[in-house]
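Student: I have a chain here that I would like to go through with you. May we take it piece by piece?

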Amino acid sequence: MKFYSIEGNRQKLDAGAMFGNAPKALWSRWVEVDEHNRMELACRGLLVTGLNGKNVLFETGIGNFFEPKLKQRFGIYEDNHVLIESLNALGFKPEDIDVVVLSHLHFDHAGGMLTAWQDGKTPDLIFNHAEYLVGSDHWERAINPHPRDKASFIPELHDLLQQSGRLRLVSGAFHESLGPDVVFSYTDGHTPGLMHAQVGDLVFATDLIPGSAWVHVPISMGYDRFPEQLIDEKTEFLKHVVDHKLRLFFTHDPDYSVASIKQTDGRYSVDNPIKQLKEEYRKC
């Protein structure tokens, strides 16, 4: 198998919201902000080739589907569909992707599946040959959202997934499309049914730990549905990562895509961070 970090469109969000109830005096040690108090966030995916004989894309980022007014609101400043260009740069077209795995369906993780916004045109799916894997519990949340997180979803996307006939709901540790090389686990603190995927020694942290700054156990986002539960889940998750010498894949860290985790005096921190991932993995 070969692993590639795939950059998508970036966005700028209020840093206070990204760090929940942590004061600016604390989080300003880790991130820089602009004149509007916004920090830059990556929205990247992971491409794994040769996985059960397939090209598999984990996450699609935010994409470029928003109309101009909403693009401005959510700090999306690039006009091109960066995810597709990043795939093209590696020699892949959308039709080369066999499976798309989505940790959840918030727009900054699933929007990259949609075509870029055009005035007067409805969006469509880009990966027309792919199966789409979504956790079954999260799917129920997405199609029946709470008013608190309703705006995080894209109703048109849910309809397109159902109409495609290629939506696959995942409920256990494995799925037949990917076989035993991908192990799924689930947390609920950020959103019910958030799905993590482990391939080799790499674990998709998704929004449980969106970047290196959130490795600190007490830190959560204002977007997390159940912050106390998330902190409990994060504690268990990080212990597992350290005990088994795994690495985390970050979707939102502006600087790093992958890092190992170390524990010193009871505190976790990143170790050997990597900006862009491009490596080969062989089973022992």
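Tutor: Let us begin with Ser177. Setting aside neighbours within four places in sequence, Ser177 is in contact with Asn52, Lys54, Glu131 and Leu133, where contact means heavy atoms within 4.5 Å.

Student: Where does Ser177 sit, and is it buried or exposed?

Tutor: Ser177 is in the loop between β8 and β9 (182-187). With 5% relative accessibility, Ser177 counts as buried. Buried means under 20% relative accessible area, exposed over 50%, and partly exposed in between (1.4 Å probe, protein chains only). Helices (H or I, at least four residues) and strands (E, at least two) are DSSP runs, numbered from the N terminus.

Student: What kind of model is this, and how are residues numbered?

Tutor: This is a predicted model, in which local features need pLDDT of at least 70 and side-chain atom pairs count only at pLDDT 80 or more, while totals for chains, interfaces and linings use all residues. Residues are numbered from 1 along each chain as its sequence is written, and side-chain values use heavy atoms, with hydrogens and water left out.

Student: How many helices and strands does the chain have?

Tutor: The chain has 8 helices and 15 strands. Of its 284 residues, 53% count as buried.

Student: What share of the contacts comes from residues 24 or more positions apart?

Tutor: Such pairs account for 67% of the contacts in the chain with a separation of 6 or more.

Student: Turning to α7, which of its residues are buried?

Tutor: In helix α7 (residues 155-164), the buried residues are Leu157, His158, Leu160 and Leu161. Seen down the axis of α7, they fall within an arc of 165°, so they line one face of the helix. The arc is that of the directions from the helix axis to the C-beta atoms. On the other side of α7, Pro155 and Gln163 are exposed.

Student: What do the buried residues of α7 pack against?

Tutor: They pack against α5 (107-110), β7 (131-135), α6 (136-143) and β8 (167-170). Just after α7, Gly165 takes a positive phi of about 75°.

Student: Last topic: which residues are buried in α4, and what covers them?

Tutor: In helix α4 (residues 82-89), Val82, Leu83, Ile84, Ser86 and Leu87 are buried. What covers them includes β1 (2-6), β4 (45-51) and β5 (54-58). Gly91, whose phi is positive, near 90°, follows α4.
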